[in-house]
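Please keep the sequence and the structure in view while going through the numbered points.

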Amino acid sequence: MTTLLTVVLFGIYAGALLSIGSVGFSMQFGITNVLNLAYGAVLTAGMFSDYWIGGGSSSVWLAIVLGAVGGAVISLILGRGIVASYVKRGTTLFGMAMVTIALGLVMQFGLQAIQGPADYSYAVSHTTVVHIGSVAMSTLQLIVIGCAVVLMLAIHALLRYTTLGLAMRSTAADASLARACGVPTTRIRNVAWIISGALCGISGALLGLSTGSFNSTTGGGFFITLVAAAIIGGVGKPYGAMLGALIVGIASEAAAALIDPSYKDIVAWVILILVLLLRPQGIFAEFASERELVA
C-alpha cells in the first residue's frame, strides 16, 4: 500500500512539473503551427532568469514570477522577431523545425559562453517535509502540484470561457477563416508565444528549484521528456498534453519504485515508442492528423 501511494503521489508531482511545460508547447504549436524545438533552450533561460535576477534565492513565488516574465519575453522575441519572418516567406513545417533547432542551439551555447559549463545551485534548499499517510513530500513538491493545478484550470478557463480563448481556438482551427471573420490572428499568435513562453519559464524555474542545481543543458534534457508527454497526448492539444504528462509521470515513478530508479528516464521513451507504433496521432488524434504530423 505504501509503494502504491508513493508511486501515485510522486507520479502526480512528476506529471505536474511536466504538464506546465508540455501544455505551453502544445498550445503554442496548435495556434501558431510552428514546431518550436527551441523550447528547451527557453526553459533553460527561464531557470537563468530566476537565478540572475533572484540572486540564487530559493523563493518559489519569486521563481514563478521571474521565470514567467523571462520565458515570455524570450519567447515573444523568438516568435515575433525571428520566426515570423520565416513564416511570411512560406517556410514549411519541417523547415521551421530546423530553424527553431538552430535558434535553440544558439541560445544554449550562448548561455554556456556567458555562464560557462559549471553547475549552479540555489542558496537555500527546501527541506520542510509534509507527511501524507506514510509518504513524505517536500513543501516544494506540493507547491509544484498546486501551481500546476491552478495553471491548468486557468488555461481551461481561458480557452473555454473568454473571448481571447475563442479567438485562439478559431485561429488554431482555421487561421484563414478566422482572419476573414475579423479575428486579429497576428496578435493572437503573439499572445500564444507569450503564454507559451511564460509556462515554459515557470516550468524551468520550478525544475531548477526541484533539482537544486542546473546548467546550460538542463532544459534540453527535460525538454525531451516534455515532448514525449506532448506527443503521447497529441501535439497541439493542451488537454492531451495534460493527460500525457500525467501518464509519463506516474509510469516513470512506477518503474523507479518497482524495477530500478535507472529506468525512470527510459519509461517516457518506451511509452512514446508504443504510442507511435499503435496510435501515432496520440491520444487526441484529430489535430495531429490535420497538421500532417503523421502519415
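1. Ser121 is found in strand S1; here helices (H or I, at least four residues) and strands (E, at least two) are DSSP runs, numbered from the N terminus. At 42% relative accessibility, Ser121 counts as partly exposed. Leaving aside neighbours within four places in sequence, Ser121 is in contact (heavy atoms within 4.5 Å) with Tyr51, Gly212 and Ser213. The C-alpha atoms of Ser121 and Thr211 are separated by 8.8 Å, although these residues are 90 residues apart along the chain.

2. A word on the basis of these values is in order. The model is predicted: local features need pLDDT of at least 70, side-chain atom pairs count only at pLDDT 80 or more, and totals for chains, interfaces and linings use all residues. Residues are numbered from 1 along each chain as its sequence is written, and side-chain values use heavy atoms, with hydrogens and water left out.

3. Tyr122 lies in the loop between strand S1 (120-121) and strand S2 (129-132). With a relative accessibility of 9%, Tyr122 counts as buried. Its C-alpha atom is separated by 7.3 Å from that of Leu209, a residue 87 residues apart from Tyr122 along the chain.

4. Helix H5 (residues 139-161) has 23 residues. From its first C-alpha to its last, H5 reaches 32 Å, close to the expected 33 Å at 1.5 Å a residue; the expected span is 1.5 Å times one less than the number of residues. Which residues of H5 are buried? They are Leu140, Gln141, Val144, Ile145, Cys147, Ala148, Leu151, Met152, Ile155, Leu158 and Leu159. An α-helix has 3.6 residues a turn, so residues three or four places apart point the same way. The buried residues of H5 pack against helix H1 (2-32), helix H3 (60-88), strand S3 (135-138), helix H6 (163-173), helix H8 (185-211) and H10.

5. How many disulfides does a search of the whole structure find? The search finds zero, a disulfide being a pair of cysteine sulfur atoms within 2.5 Å. Cys147 is buried, with a relative accessible area of 11%, and Cys200 is buried at 0%.

6. Two serines deserve a separate remark. Ser75 lies in helix H3 and counts as buried at 3% relative accessibility. Apart from neighbours within four places in sequence, Ser75 is in contact with Trp193 and Gly197. Ser216 is found in the loop between strand S4 (213-214) and helix H9 (218-233), and counts as buried at 5% relative accessibility. Not counting residues up to four places away in sequence, Ser216 touches Thr44, Phe48, Gln108, Leu111 and Gln112.

7. Asn33 is found in the loop between H1 and helix H2 (39-54). Its phi is near 60 degrees, a positive value in a residue other than glycine. Asn33 is partly exposed, with a relative accessible area of 34%.

8. Gly95 is found in helix H4 (residues 93-115) and is buried, with a relative accessible area of 17%. Gly95 and Leu35 are 60 residues apart in sequence and 9.7 Å apart in space, C-alpha to C-alpha.

9. The last point concerns the surface. A nonpolar patch of about 980 Å² is made by Leu258, Ile259, Tyr263, Ile266, Val270, Ile273, Leu274, Leu277 and Leu278. Patches are made of residues with over 30% relative accessible area and no salt bridge, like charges being joined within 9 Å and nonpolar side chains (Val, Leu, Ile, Met, Phe, Trp, Tyr) within 5 Å. A salt bridge is a side-chain nitrogen of Lys or Arg within 4 Å of a carboxyl oxygen of Asp or Glu. Accessible areas come from the Shrake-Rupley method with a 1.4 Å probe; for residues, only the protein chains shown count as cover. Helix H11 (residues 264-278) gives the most to the patch, with six residues. Leu258 lies in helix H10 (residues 238-258) and is exposed, with a relative accessible area of 63%.

Note on methods: Buried < 20%, exposed > 50% of the residue type's maximum accessible area, 1.4 Å probe, protein only.
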